[in-house]
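Take a look at the protein model below. Keep it open as you read.

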Amino acid sequence: MKLFIASDIHGSAYYTELMLKRYCESGAEKLILLGDILYHGPRNELPREYDPKAVIEMLNKAGDDILAVRGNCEAEVDDMVLEFDVSSNYMMIFDAGITIFATHGHRPKPKTHDRDILLCGHTHVPTVEVRENCVYMNPGSVSIPKEASPHSYIIYENGIFSWYDMENLECYMEYEPVLDKNGDVDDDE
């Protein structure tokens, strides 16, 4: 399974076009969007080429490939204009002994077990952090990165999570869960 994981587009036509180009180049099977797709939100600056209508058109063309969760900037009308579901607060992905719980990250965190992957957007900061009951990951933001981070996304393939700078295609961070002989995440590592 190969997934392209992105978050926090915030209505940027420029970065949506670039993200979709990178998605097509990646050969990923699905584009996972972790919320905040069309609107910039009151705490953010307007992103480059802010144009939610253009973003709608571009994403709807790729809609069969998109799995998305609702962010804190999503509105009910988004369900009427986007041709893929944006109403779910979370999704679960199971692959190669790994459980991935994907959500935007603005609501209380779900109960996770062992080394489940908790995949969130919301903060706009690329992160991988091993916690007591999960591995917390954030792809950063497609259009409004924070804390001097790049415009970024994650590629998940063969159990490995790789963070990429969207503009120069540089892989700048990786995480590979350690699996035991049964293919389960090894908590002793």
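This is a predicted model: local features need pLDDT of at least 70, side-chain atom pairs count only at pLDDT 80 or more; totals for chains, interfaces and linings use all residues.

Residues are numbered from 1 along each chain as its sequence is written, and side-chain values use heavy atoms, with hydrogens and water left out.

**Aromatic rings**

The structure holds 6 aromatic pairs. Rings of Phe, Tyr and Trp (its six-membered ring) pair if their centres lie within 6.5 Å; planes under 30 degrees apart count as stacked, over 60 as edge-to-face and the rest as tilted. One of the pairs is Phe 4 with Tyr 153, which is stacked, at 4.2 Å centre to centre and 15° between the planes. Phe 4 lies in strand S1 (residues 2-6) and Tyr 153 in strand S9 (residues 152-157), so this pair ties together parts that are 149 residues apart in sequence. Strands (E, at least two residues) and helices (H or I, at least four) are DSSP runs, numbered from the N terminus.

Tyr 153 also pairs with Tyr 164. Their ring centres are 5.6 Å apart and their planes are at 15°, so this pair is stacked. Tyr 153 is in strand S9 and Tyr 164 is in strand S10 (residues 160-165), so the pair ties together parts 11 residues apart in sequence. Ring pairs link Phe 4, Tyr 23, Tyr 153 and Tyr 164 into a cluster.

**Charges over rings**

Two arginines sit over tyrosine rings. A charge sits over a ring if NZ of Lys or CZ of Arg is within 6 Å of the ring centre and within 35 degrees of the ring normal. The charged end of Arg 48 is 3.6 Å from the centre of the Tyr 14 ring. Arg 131 lies over the face of Tyr 136, 4.3 Å from the ring centre.

How do H1 and H2 run relative to each other, roughly parallel or roughly antiparallel? The axes of helix H1 (residues 13-26) and helix H2 (residues 52-61) come within 9 Å and cross at roughly 15°. Axes are lines fitted to C-alpha atoms, for helices over the stretch in contact, and angles run from 0 to 180 degrees between N-to-C directions. That makes H1 roughly parallel to H2. Angles under 35 degrees count as roughly parallel, over 145 as roughly antiparallel, 65 to 115 as roughly perpendicular and the rest as oblique. The contact (heavy atoms within 4.5 Å) involves residues of H1 including Ala 13, Met 19 and Leu 20, and residues of H2 including Val 55 and Met 58.

**Single residues**

His 124 has a positive phi, near 70°, and is not a glycine. Its place is the loop between strand S6 (116-120) and strand S7 (127-130). Asn 158 is not a glycine either, yet its phi is positive, about 50°. Asn 158 is in the loop between S9 and S10. Met 80 is found in helix H3 (residues 78-81). The C-alpha atoms of Met 80 and Glu 25 are separated by 29 Å.

The table sets out accessibility. Buried means under 20% relative accessible area, exposed over 50%, partly exposed in between (1.4 Å probe, protein chains only).

| Residue | Relative accessibility | Class |
|---|---|---|
| Phe 4 | 0% | buried |
| Tyr 153 | 4% | buried |
| Tyr 164 | 22% | partly exposed |
| His 124 | 2% | buried |
| Asn 158 | 61% | exposed |
| Met 80 | 68% | exposed |
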